[in-house]
Amino acid sequence: AVPTEIPDLPTEIPDLPTDLPDLPGGGKKITVVYEVTGDGPAEIVYTEKLGESPKRVSNAKLPWKITTSMQGATLVSVTAIRSSTDSGTISCRATVDGEEVAQRTREGTFATASCTKMILN
């Protein structure tokens, strides 16, 4: 039942940036896509908005993908940890407005892949 709940988490994301346009120096709005692939399951931690607590997805079934909008200076970040004791790989990827800004692949038991990029706009 857990995997069926995971796709429902992102439905709240589009509502978050609506309070940003009035901020001084708000910057342009960007579309961020996070992707995690490999041998799952995985624990995934990602950011949606600078200054807010990261979101966490437990026992994510791979491949996993989420699209969110951010505005102004922001930290694009997704980290995935394999939560399986057997050997395997895990990869993360982050894109901003369709361009890849970070990608990493790691191999092994409890391998961790982290993709981070500071965006100033």
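The link between Cys-92 and Cys-115 is right-handed, with 90° about the S-S bond. It is a disulfide (a pair of cysteine sulfur atoms within 2.5 Å), and the two sulfur atoms sit 2.0 Å apart. The model is predicted: local features need pLDDT of at least 70, side-chain atom pairs count only at pLDDT 80 or more, and totals for chains, interfaces and linings use all residues. Residues are numbered from 1 along each chain as its sequence is written, and side-chain values use heavy atoms, leaving out hydrogens and water.

**Disulfide**

- A search of the whole structure finds one disulfide.
- Cys-92 lies in strand β6 (residues 89-96) and Cys-115 in strand β8 (residues 112-119), so the bond ties together parts that are 23 residues apart in sequence.
- Strands here are DSSP runs (E, at least two residues), numbered from the N terminus.
- Cys-92 is buried, at 1% relative accessibility.
- Cys-115 is also buried, with a relative accessible area of 1%.
- Buried means under 20% relative accessible area, exposed means over 50%, and partly exposed lies in between (1.4 Å probe, protein chains only).

**Sheet**

- Four strands make an open sheet in the order β3-β2-β5-β8, with antiparallel pairing.
- β3 and β8 are the edge strands, and each pairs on one side only.
- From one strand to the next, the twist averages 10°. Axes for such angles are lines fitted to C-alpha atoms, for helices over the stretch in contact, and angles run from 0 to 180 degrees between N-to-C directions.
- Two strands count as paired if DSSP finds at least two bridges between them.
- Strands of a sheet pair through backbone hydrogen bonds, either parallel or antiparallel.

**Strand pairs**

- β2 and β3 are antiparallel and share four bridges. Ala-42 stands opposite Ala-60 in β3.
- Strand β2 (residues 42-46) is joined to β5 by five bridges, again antiparallel. Val-45 faces Thr-79 in β5 as its opposite residue.
- Eight bridges join β5 to β8, and these strands run antiparallel. Here Leu-75 stands opposite Met-118 in β8.
- Strand β5 (residues 74-82) has seven of its nine residues buried, so it is largely enclosed by the rest of the structure.

- The peptide bond from Leu-62 to Pro-63 is cis, with omega near 5°. Pro-63 is in the loop between β3 (55-60) and β4 (64-71).
- Asn-59 has a positive phi, near 50°, and is a residue other than glycine. Asn-59 is placed in strand β3 and is partly exposed at 42% relative accessibility.
- Phe-110 also has a positive phi, near 55°, in a residue other than glycine. Phe-110 lies in the loop between β7 (99-107) and β8, and is partly exposed with a relative accessible area of 45%.

**Surface patch**

- Leu-50, Met-118 and Leu-120 form a nonpolar surface patch, with about 330 Å² of accessible area together.
- Patches take residues with over 30% relative accessible area and no salt bridge; like charges are joined within 9 Å, and nonpolar side chains (Val, Leu, Ile, Met, Phe, Trp, Tyr) within 5 Å.
- A salt bridge is a side-chain nitrogen of Lys or Arg within 4 Å of a carboxyl oxygen of Asp or Glu.
- Accessible areas come from the Shrake-Rupley method with a 1.4 Å probe; for residues, only the protein chains shown count as cover.
- Leu-120 is in the segment after β8 and is exposed, with a relative accessible area of 69%.
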